[in-house]
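Subject: Handing over the structure

Hi,

Here is the structure I promised to pass on to you. Have a look at it first, and then read on for what turned up.

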Amino acid sequence: MAARLSKSLLILAVAFFYSLVVFNNTTDYNSNYQFVRHILQMDSTFPGNHGTWRAINQPVIHTLFYISIILWETVTAVLCWWSGVAMLRSIRLTQGIFFRAKTLGIVALTLGMLMWFIAFLCVGGEWFLMWQSKTWNGQDAAFRMFVVLGIVLLYLTMPEPIAPTIE
């Protein structure tokens, strides 16, 4: 029971985190939009960088990229909330029912990890060379979130311990 409760609470904590991220990205849209814009423009990479041919200077692309991130975060948040509630509701039910409740959490955590890995570490970090920027470098935060979500995902997928029988 404790492991199931722990897993449920961790999924709900991730849901809360993503809800705050979506809230911040929508109520203070411009702050993180500027981050996305500068990364895509590659305007703070090393001087003389030969990779700046990749830069995207169209504001509509910046907006579409940023909105897609917000939508990705929203889907992750909704799936985490849904799974967390389903897990709590099935906490005392059979292993199979609880496992099915965990499935959306597994999907949500995987989506979250893919966002941090693909959008931030691969696309932002390597394609747009975010790692070269002293001002607009989000790789540490992206890596931290990738690891946190990965740990929760590993824990969530672990089978629940079988309680010993008392004779």
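Let's begin inside: which residues line the second largest cavity? They are H38, I39, M42, S44, T45, F128, L129, M130 and S133. Please keep in mind that this is a predicted model. The volume of this second largest cavity is about 40 Å³, and its lining has 5 nonpolar and 4 polar residues, with no charged ones.

In total, 2 cavities of 30 Å³ or more were counted. The largest cavity has a volume of about 90 Å³. Around the largest cavity you will find F35, V36, I39, L40, F65, I69, A119, F120, V123, G124, F128 and M130. Helices α2, α3 and α4 are the elements that each give two or more residues to this lining. By class, the lining of the largest cavity has 11 nonpolar residues, 1 polar residue and no charged ones.

The largest pocket has a volume of about 280 Å³. Its lining is made up of 16 residues, and N25, N32, E73, W116 and F120 are the ones nearest its centre. Two or more lining residues come from each of α1, α2 (29–41), α3 (59–89), α4 and α5, with α1 giving the largest share, 4 residues. Sorted by class, this lining has 11 nonpolar, 4 polar and 1 charged residues.

Next, the helix pair α1 and α4. Helix α1 covers residues 2–27 and helix α4 covers residues 95–127; their axes come within 11 Å and cross at roughly 35°. The crossing of α1 and α4 is left-handed. On the α1 side, R4, K7, S8, I11, V14 and Y18 take part in the contact, and they meet Q95, F98, K102, G105, L109, G112, M115 and W116 in α4. By class, this contact has 7 nonpolar, 4 polar and 3 charged residues.

Is Q132 buried or exposed? Q132 has a relative accessible area of 9%, so it counts as buried, the cut-off being under 20%. Leaving out residues up to four places away in sequence, Q132 touches S44, T45, F46 and N49.

Enjoy exploring, and do write back with any questions.

Best wishes

Notes. Residues are numbered from 1 along each chain as its sequence is written. This is a predicted model: local features need pLDDT of at least 70, side-chain atom pairs count only at pLDDT 80 or more; totals for chains, interfaces and linings use all residues. Side-chain values use heavy atoms; hydrogens and water are left out. Axes are lines fitted to C-alpha atoms, for helices over the stretch in contact, and angles run from 0 to 180 degrees between N-to-C directions. A crossing is left-handed if the near helix is turned anticlockwise from the far one by less than a right angle, and right-handed if clockwise. Contact means heavy atoms within 4.5 Å. Ala, Val, Leu, Ile, Met, Phe, Trp, Tyr, Cys and Pro count as nonpolar, Asp, Glu, Lys and Arg as charged, and the others, Gly among them, as polar. Buried means under 20% relative accessible area, exposed over 50%, partly exposed in between (1.4 Å probe, protein chains only). On a 1 Å grid over the protein atoms alone, a cavity is a set of points where a 1.4 Å probe fits but cannot get out, and a pocket is an open set with protein on both sides within 12 Å along at least five of seven lines; lining residues have an atom within 4 Å of a point. Grid points are joined across faces, edges and corners, and a volume is the space filled by probe spheres set on the points.
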